[in-house]
Amino acid sequence: MSDTPHINRRGFLRGAALVPVAGALAACATPAAKPTASASAAPVATSAANPFGMAENKPLEVWIFDGGFGQDYAKNIHQPLFKSKHPNVEIKHNATKEITKVLQPRFAGGNPPDVIDNSGANAMDFGALAQDGQLQDLTALLDAPSWDDPNTKVRDTIDQAVIELGTYDGAFSVVGYVNYIHGIWYSQKVFKDNGWEVPKTWDEFLALCETIKKSGKMAAFTYAGKHPQYLYEPLLTMAAKIGGNEVLVNIDNLEDGAWTTDAMKTAATAWAEIGAKYLMEGTAGLDHVQTQTAQNKLKVAMLPCGSWLENEQKTTTPADFEYGMFPIPDFTGSDKMPYGTLHSQPSENFIVPSKSANPQGGMEYLRAMLSKKAAGDFSELVKTVSVVKGAGEGRELSPGAASATKALTDAGTNLVYYRWRTWYLPLDDEVKAATGELMAGGVKPEAYLERIQKKADEIKNDSSIKKYKR
Amino acid sequence: MLFNRYRRGLFITSFLAAPVILYLVYVISPYIQAFYIAMTDWRGVTATPGFIGLENFVRLFGDRVFWKAVTHNAALLVLLPLFTIVIALFFAFLLNVGGARGVTGIRGSQFYRVVFFFPQVLAVAVVAVLFQQVFRPDGSGMLNGPLMALGAEPIGFLSNPNVAFWSVLGVMVWQAVGFYVVLFSAGLASIPRDMFEAAQIDGAGRLSLFFRITLPLLWDTVQVAWVYLGILALDVFAIVWVMTDQHGGPDWSTTVMAAEIYRNAFQYFRFGYASALGVVMFFFTVGFAILSLRLSRRERIEY
């Protein structure tokens with residue numbers, strides 16, 4: 001009996017205590033270096049019809065982010081169009097909501113797919129990919145003849161901002177396909193029925209909020225309280241409008257004191273006032289879908305969002321709702337940028353992994369996507385604006401997309417954007433947290449900006465985080 | 001004799017080989033790899049991470065959010081076992097010996113026993129999504145609905161940074177209590193009935209019955225519960241990640257170590273740094289395990 005193994009309570013607990021820790025750590029495993037495939041050399045000779053020298057017998061693996069735009073546009077519009085010129089290429093279509101979880105191991109394993117729509121909340125970090133040389137240099141795509149017209153380069157058929165924003169480390173490597181236009185969204189019908197006017201100045205905006213609040217019909221304003229990035233967007237756009245584009249450029253470049261400028265203070269104070277007075281009850285605890293649905297149900301008049309809104313809400317929007325969008329109102333008569341200044345940013349980002357089996361095929365797929373037909377059909381299907389010039393011409397656009405397109409035309413060259421959000425994700429999380437507090441009244445505008453500045457400085461001084469300039 | 005011993009060893013080995021290999025491959029080896037990754041700048045995509053020594057650990061000391069997460073884990077480590085054990089003991093006592101005559105449970109105890117166990121059956125993710133709805137800040141929230149109907153201001157259970165942590169704790173206690181009611185009930189069942197009867201004959205009321213008989217005889221089980229709940233408090237993740245705003249917010253008010261590890265690895269793509277956080281969490285957990293085993297080393301009461 002004495003030599004029978006004996007498991008006592010103590011021993012068992014000791015073992016049990018270790019198990020859950022293992023779970024947390026087991027998540028990642030060391031990558032194994034593999035001999036790099038020399039796929040970057042074109043397998044066949046290039047020609048006008050095949051500018052990248054894609055092999056017609058190699059399969060093409062495509063991964064689409066199955067989010068707000070779904071995946072039908074890829075299956076029913078882009079891929080048939082690609083097939084029309086390259087019938088022998090077998091396209092392996094895939095879609096997921098979890099880009100990172102599915103595809104990050106593929107990168108670490110050295111066999112990423114050929115085209116990725118790297119979008120959504122679980123997209124892979126472009127900075128990390130660029131830093132490791134995982135992104136195919138798409139300059140060849142820009143200089144290739146466009147799908148529609150062999151005499152025009154792809155470069156000239158798309159918005160300039162795509163090239164500017166898709167450039168990492170001097171190499172153009174990310175194609176933003178959709179033009180996201182940000183503004184304040186409302187129901188044109190509700191405004192007409194109540195005789196409310198789109199405000200041109202901040203005073204008019206405050207007066208409108210007061211009128212709506214007093215009317216008792218609905219709350220004046222809301223935003224996705226659980227996701228405060230929906231609110232820091234108009235705040236930053238407003239700061240750029242007041243203080244000029246350099247406000248955002250300095251923030252992107254992590255300049256000292258970039259967050260604590262007067263323009264930022266003015267904008268933060270203005271939005272904190274909205275937070276204190278005009279928010280729909282419970283805003284802080286609701287997400288984008290809940291607040292947007294509240295707007296569809298006529299419980300709230302206005303919310304800040306981007307041009308994906310109309311498509312995202314298509315199942316809950318009443319038929320006569322008529323989405324409309326207006327730009328950030330003038331704060332004073334002496335704002336540095338004129339009325340109509342917009343935040344527009346190419347998004348829905350497509351990449352070709354450089355270490356994929358068929359990067360030439362990947363670029364050819366993007367070339368097809370950037371044709372007028374592909375982009376136009378896409379715009380119509382998903383009710384949004386693409387980055388391909390003139391792709392929306394002669395198409396029947398929905399009220400929201402039409403309103404956003406008009407605002408974009410009116411804005412002309414007065415467009416602003418910021419990139420820190422994708423460059424420095426930890427800063428993004430801190431600004432979200434702080435903005436939620438600002439709107440809930442938990443922090444004063446000065447302290448709000450100082451807090452963010454502190455995080456920005458921290459990132460600036462952290463040698464492990466790669467820095468970008470614009 | 002020798003042959004017998006040999007056969008026996010072979011017999012034992014044949015049973016142990018498979019689990020030990022699995023354990024080595026899927027537990028021990030990732031551990032060791034994590035220690036290595038913690039000393040690299042790996043961002044998850046390259047096949048050749050650079051070795052940077054202890055830089056990640058130096059950085060970690062200045063990470064405000066991570067230390068905030070550690071304090072949340074520490075608070076949970078104290079509060080979660082405390083609340084859960086007190087409530088579970090109370091229920092278990094009522095269900096088993098809380099009846100009028102002191103040797104049976106209160107009326108309907110069979111029914112309650114099942115009801116208390118319900119939350120344990122639900123997956124954590126289900127509980128998290130469920131409570132998002134329960135905690136909704138508008139009229140459709142299960143808690144705020146009645147509150148607002150009574151004319152009170154709605155409470156931002158998950159949106160107010162001062163309240164959110166307590167909401168998380170509340171949900172964890174709610175989910176854990178059922179299991180410990182069962183555990184303590186089992187413990188109570190092993191206490192001979194005559195002890196309770198003897199105490200009753202001596203004139204003990206329910207209160208002194210609980211503190212003089214039940215608790216001392218159940219102390220062993222309570223310690224086990226404490227260790228389990230402590231582990232639960234240290235590696236809490238899913239409930240925070242799924243239920244709270246901004247995964248550990250608002251304003252970092254509910255974040256925990258595991259959430260920060262996940263955030264750094266899978267959102268910031270700082271796998272090296274995340275592994276360093278994991279290593280720190282490993283030492284916290286091992287430290288807790290050693291500490292609790294030392295402190296609970298005590299003679300058990302034999303009966």
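A polar contact is a pair of N or O atoms within 3.5 Å; within protein, one must be able to donate a hydrogen and the other to accept it, and residues adjacent in sequence count only if both atoms are side-chain atoms. Here is one such pair: the backbone oxygen of G133(A) is 2.9 Å from a polar atom of the S354(A) side chain.

Some background on what you are looking at. This is a predicted model, where local features need pLDDT of at least 70, side-chain atom pairs count only at pLDDT 80 or more, and totals for chains, interfaces and linings use all residues. Residues are numbered from 1 along each chain as its sequence is written, chains are lettered from A and ligands numbered from 1 in the order in which they are written, and side-chain values use heavy atoms, with hydrogens and water left out.

Back to S354(A). Its relative accessible area is 17%, so S354(A) is buried (under 20% is buried, over 50% exposed, in between partly exposed, with a 1.4 Å probe and protein chains only). Leaving aside residues up to four places away in sequence, S354(A) touches G133(A), Q134(A), L135(A), Q136(A) and P359(A), where contact means heavy atoms within 4.5 Å.

Next, the aromatic rings. Over all chains, the whole structure holds 55 aromatic pairs. Rings of Phe, Tyr and Trp (its six-membered ring) pair if their centres lie within 6.5 Å; planes under 30 degrees apart are stacked, over 60 edge-to-face, the rest tilted. Which kind of pair do F205(A) and F221(A) make? The ring centres of F205(A) and F221(A) are 6.0 Å apart and the planes stand at 90 degrees, so this pair is edge-to-face. F205(A) is buried, at 0% relative accessible area, and F221(A) is buried, also at 0%. Both belong to one aromatic cluster, whose members include W202(A) and W271(A).

A tilted pair is Y232(A) with Y418(A), at 6.4 Å between centres and 55 degrees between planes. Y232(A) and Y418(A) are both buried.

Last, the nonpolar cores, meaning sets of buried Ala, Val, Leu, Ile, Met, Phe, Trp, Tyr and Cys residues joined through side-chain atoms within 4.5 Å. The largest has 102 residues, and W271(A) and W420(A) are among those with the most contacts inside it. Domain 1 (60-179 + 345-399) and domain 2 (181-344 + 418-460) of chain A both contribute residues, so this core lies between them; the domain bounds come from an automatic or database assignment. Among the residues that W420(A) touches are Y232(A), W259(A) and L427(A).
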